[in-house]
Amino acid sequence: MEAHISIVTPDHVELDFEVAGIGSRLMAFIIDEVLLYLGILGIVLLMLFAGVIGSASGISQQWSGTVAVTILVFAIFFLNWGYFMLFEALMQGQTPGKRWTGIRVVQDNGLPIGWREAALRNFARIADIMPPPACFVGGLVILLSKKGKRLGDFLAGTMVIREDFGHTARGDTARWEAAWIARAEKGQFSQSIVLADMKIEAGQMQMIKRYMERRDSLPLAQRHNLAWKIAAPFLKTMGEDPANLESRSDRYVVCERVLSDILNRANAVKRQGATVQDNAADSKREGWSAFDREIADIAKSGARGLRLLRPNHLVRIISSYRQLAGDVARARSLGRNSVLVRRLNNTAIRAHNVLYGHFRTRTRVGGPSWMVRFPIAVRAHIVAVLISALVFFAPSVVTFVAVQMHPNLGYDLVPDGFLDFEPARDVSLHNIPGLARPIAASSIMTNNIQVTLLAFGMGMTAGLGTCLILLFNGMQLGAVAGWMTSRGSSRALWGWIMPHGGTELLAIVLSGAAGFILAGALISPGNVRRSVALQRVAKDALTIILGVMGMLVVAGLIEGFVSPSSIGYSARIAVLAITLTGWFSYLGFAGRK
């Protein structure tokens, strides 16, 4: 993993970013997990408190309990799957943990991330945390990647950078550095400055400056050695005899005095008779400081900061940003690791985030709406859909036949809850009381959506994880169906499954297809890099998985309210026929010209 990377932004500004290390990312993750579980605990306590208040107010305890548990189920699900996505989308790539540790998620081109990138990188998080909670896969990929990317970052086209706004261009910029930038701006690219009778290279000035800033933190022996080596070329010009000084016990004190004198001369401000270069240097430093303060103030105001500016003020800020970007490029001639470059680069990054985090084009790209893009994406990847259907239904058929032929296999394949299960009615497995149905619907929805997100995210394991999820669920479905059929309860089983099963099983197949789309880009990227291939298919895969979530909301409502109802067998068949006809018509024909 490289420590720094350079990015040329879409507005042709080169910025240096420090890649966030695995330690800071792990710390941010731990902080976020603690906050997440504190949030869940807070919701549980709030629901308990609300139940107590409801009972005291005369509200039915059963009704208030139903509402509280339903809200709790949804809240826990949304916190687990939405915490990172929501914060990163709304806080320009930061969660509370990332903000605390000073890191941020950005796009590969340096621009702030949006909802699409936040969703993609976090829906794929399940592959990165394998085996949970060790996060071994994600950690290994981060270490091996040049830009410190985990699997979700490759999919979303993002990276995590470290922000260091504690050291800006304010105050600490040496005057001679500002003068050098001012001369370079006018085309005078001399690599040295002249003080009295001395000609000092810019690199030597940088070395002197860094030594004087850090000398107090150096071990004494190293400090004395560096002072002597750095000051030696200038001793004679500064009136000291190197041969005589070498035998003196205070030579290191003299060397540091010489270095300090050189810096003072370089930074001396002429109060009277100031030259044009003097004025240009002072103007540069004042401009950098003023721009940094202005950008910091706007950043504190969030999205309102730019909207409150007058048009001419905004134009001036953009112009100042372009000017600063030019100064950063000129300062790099002094060395990319110079203090000046780091400070100006940090200010430029902050300005870049402020301008492009909130001042982004609102022009919509022409194209179909999401409701139309979903079926178009499904049809475009029909091969992945067919593969997913085969992987899911083939083991279902095999285990169904196997349990029919060898009932003893049921004790190995069928979940314990179904071994001695007795259907509630001859046309339905369960008889869920009316007040419990909202809880059942919410639990079913969130569980099924979680399974589909797992199938999608596991596509980043080259499809192996997706295959396992589909195989396991398919085998379990076939085993249960075979067991219930052998016990004479097939009418109750299919009566329960039919109303919601068409929608639910189709959604599971499509989620597997979304995972296989990602796997296909990894296994066979074509003539491009795998990261590029992933990003090309990411939009379609995300469109499909979002459509699947909508389908599972419908399936959860049907399973929670219609499947346990008292409707007859023929009505259940009708619900199945209507839902399947509707979904296949929608997926097969919507968006066709």
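Me: At what angle do H4 and H24 pack, and how far apart are their axes?
Reply: In this predicted model, helix H4 (residues 115-123) packs with helix H24 (residues 530-562) at an angle of about 80 degrees, and their axes are 11 Å apart. Because angles from 65 to 115 degrees count as roughly perpendicular, H4 is roughly perpendicular to H24.

Me: Which residues make that contact?
Reply: From H4 the contact uses Arg116, Ala119, Leu120 and Phe123, while H24 brings in Ala538, Lys539, Leu542, Ile545, Leu546 and Met549. Sorted by kind, the residues of this contact are eight nonpolar, no polar and two charged.

Me: Switching to strand E3, is it buried or exposed?
Reply: Strand E3 (residues 103-107) is mostly covered, with five of its five residues buried. On one side these are Ile103, Val105 and Gln107, and on the other Arg104 and Val106, so that both faces are covered. In general, side chains in a regular strand alternate between the two faces of the sheet.

Me: Which strand pairs with E3, and in what sense?
Reply: E3 pairs with strand E4 (residues 158-162) in the antiparallel sense, over five bridges, and Val105 has Val160 of E4 as its bridge partner.

Me: And the largest nonpolar core, which residues touch the most other members?
Reply: That core has 60 residues, and those touching the most other members are Phe123, Leu155, Phe456, Met460, Leu510 and Ile544. Leaving aside residues up to four places away in sequence, Met460 touches Ala124, Ala127, Leu151, Leu155, Leu518, Leu522 and Leu534.

Me: What does the second core include?
Reply: The second core, which is separate and has 34 residues, includes Ala178, Ile295, Leu344 and Leu355.

Technical notes. Residues numbered from 1 in each chain as written. Predicted model: local features only at pLDDT ≥ 70, side-chain atom pairs only at ≥ 80, totals over all residues. Heavy atoms only, no water. Axes fitted to C-alpha atoms, helices over the stretch in contact; angles between N-to-C directions. Helix = DSSP H or I, 4+ residues; strand = E, 2+ residues; numbered from the N terminus. Parallel < 35°, antiparallel > 145°, perpendicular 65-115°, else oblique. Contact = heavy atoms within 4.5 Å. Nonpolar A, V, L, I, M, F, W, Y, C, P; charged D, E, K, R; others polar. Buried < 20%, exposed > 50% of the residue type's maximum accessible area, 1.4 Å probe, protein only. Pairing = 2+ DSSP bridges. Core = buried A, V, L, I, M, F, W, Y, C linked by side-chain atoms within 4.5 Å.
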